[in-house]
Amino acid sequence: EKPAKTLPDLTLNDRPVQVTAGSDSDTLSLSISGSEMHAGTNWLKLKAPAQGQSLYYSLNLKATR
């Protein structure tokens with residue numbers, strides 16, 4: 001399966017997240033401000049750009065102050 005040319009849709013706690021492609025066309029990176037997060041559980045949802053398209057991902061979380 002060939003990688004998609006479009007980026008997936010991301011939402012954080014039901015709000016859209018702006019996504020930009022990284023230097024490698026197969027990866028993306030985003031920073032989320034603490035002010036956008038809730039105390040407790042937060043949901044980051046990924047949706048494939050086209051219906052029926054597979055979405056392969058690996059999530060790495062790095063918290064900084």
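In what order do the three strands form an open sheet, and is the pairing parallel or antiparallel? Colour the predicted model by secondary structure to see. The order is S2-S1-S3, and the pairing is antiparallel.

**Stop 1: the sheet**

Select residues 15-16 and residues 44-47. These are strand S2 and strand S3, the edge strands. Each of them pairs on one side only.

**Stop 2: the loop between S1 and S2**

Select Asn13 next. Asn13 lies in the loop between S1 and S2. Is Asn13 buried or exposed? It is buried, because its relative accessible area is 14%, under the 20% cut-off. Show the residues around it. Beyond its neighbours within four places in sequence, Asn13 contacts Glu36, His38, Thr41, Asn42 and Trp43. Check the backbone too: phi of Asn13 is near 50°, a positive value in a residue other than glycine.

Step along to Asp14. Asp14 also belongs to the loop between S1 and S2. Its phi is positive as well, near 70°, and again the residue is not glycine. Asp14 is exposed, because its relative accessible area is 62%, over the 50% cut-off. So this loop holds a buried residue, Asn13, and an exposed one, Asp14.

**Stop 3: the loop between S2 and S3**

Move to Ile32. This residue is found in the loop between S2 and S3. Which residues does Ile32 touch, not counting those up to four places away in sequence? They are Leu12, Met37 and Leu44.

Keep the surface on for Ile32. It is partly exposed, because its relative accessible area is 30%, which falls between the 20% and 50% cut-offs.

Finish with a distance. Select the C-alpha atoms of Ile32 and Gln18. These residues are 14 apart along the chain, and the two atoms are separated by 9.9 Å.

How values were computed. Residues numbered from 1 in each chain as written. Predicted model: local features only at pLDDT ≥ 70, side-chain atom pairs only at ≥ 80, totals over all residues. Heavy atoms only, no water. Pairing = 2+ DSSP bridges. Helix = DSSP H or I, 4+ residues; strand = E, 2+ residues; numbered from the N terminus. Buried < 20%, exposed > 50% of the residue type's maximum accessible area, 1.4 Å probe, protein only. Contact = heavy atoms within 4.5 Å.
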